[in-house]
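Student: Could you walk me through reading a surface patch and a helix pair?
Tutor: Gladly; let us look together.

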Amino acid sequence: MIVREGIILKSIDYKDYSKLIYIIGPEGLETLIVKGAKKPHSKNFSYSQPLTKISYDKVETKTFDILTTGLIINNYTTIKENFDKTKYAYQIIELTYQFANHIDDKKLLYSFLDEILEKIDVSQFANIYELIFRLKLLYLLGVGPVFSRCIDCQAKDNLIGFVLESGGMKCHNCLEQTDNIYNDETIKYVKSLYLMKLDQMTEEFLNQFPDIYDQVNHFINNYYQYFLGYQSKVSKVFKSL
């Protein structure tokens, strides 16, 4: 028996009583059949719920592999009992499901997702961790914003401002009259969150962090839309609630 570990990102009905789950682990994203998972009293019901970390074994078939055994590692109860934490966590797993197959380092993606969800589970600053995940995911996707040099000529001096459509800073010589420079204060906080390591994000530090969620969130939404053509469906659902 080979025991695997993963976080369930998505679940859909499959045939009469089963479900298909999309689960991310150190090896990447895979799809499994969980038999009997549509029955609330089934022992497999809990192994088909999104935002659940499980260990499991499977058997391979010609279509989808079938989950044979499972054990819940983390049900993220604190997240699921809090509306805001649930919203941020579901935006994160939606992103992971959308882009997991476009990231080469599957193990790094999984460990990063795992760590972020654990932080959200225990922290009162779930919104900041959600911003950090979305920003750092851009790096893993190879489209991260460039802050340390001019995006055009690579110069490190005389940087004037950040141009969203270029994906980075521009210097005095490369900035064009038609370029729209992003708000400097917003870019300062975007850069801080993008570059900061998770182990530096203590609760004491975050408690002193200014309330910049809305402006940074607006930047990230625009960046994902422009470079990846992505808009969060989960975010729209939660806004309607």
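Student: Which residues form a nonpolar patch on the surface?
Tutor: Patches are made of residues with over 30% relative accessible area and no salt bridge, with like charges joined within 9 Å and nonpolar side chains (Val, Leu, Ile, Met, Phe, Trp, Tyr) within 5 Å. A salt bridge is a Lys or Arg side-chain nitrogen within 4 Å of an Asp or Glu carboxyl oxygen. Here F83, V237 and L241 form the patch, with about 320 Å² of accessible area together (Shrake-Rupley method, 1.4 Å probe; for residues, only the protein chains shown count as cover).
Tutor: This is a predicted model: local features need pLDDT of at least 70, side-chain atom pairs count only at pLDDT 80 or more, and totals for chains, interfaces and linings use all residues. Residues are numbered from 1 along each chain as its sequence is written, and side-chain values use heavy atoms, leaving out hydrogens and water.

Student: How do α2 and helix α3 pack?
Tutor: Two packed helices are described by the angle between their axes and the distance between the axes. Axes are lines fitted to C-alpha atoms, for helices over the stretch in contact, and angles run from 0 to 180 degrees between N-to-C directions. For α2 and α3 (residues 106–122), the angle is about 175° and the axes are 10 Å apart, so the two are roughly antiparallel (over 145 degrees; under 35 is roughly parallel, 65 to 115 roughly perpendicular, the rest oblique). Residues in contact (heavy atoms within 4.5 Å) include A89 and I92 of α2 and L113 and L117 of α3.

Notes. Helices (H or I, at least four residues) and strands (E, at least two) are DSSP runs, numbered from the N terminus.
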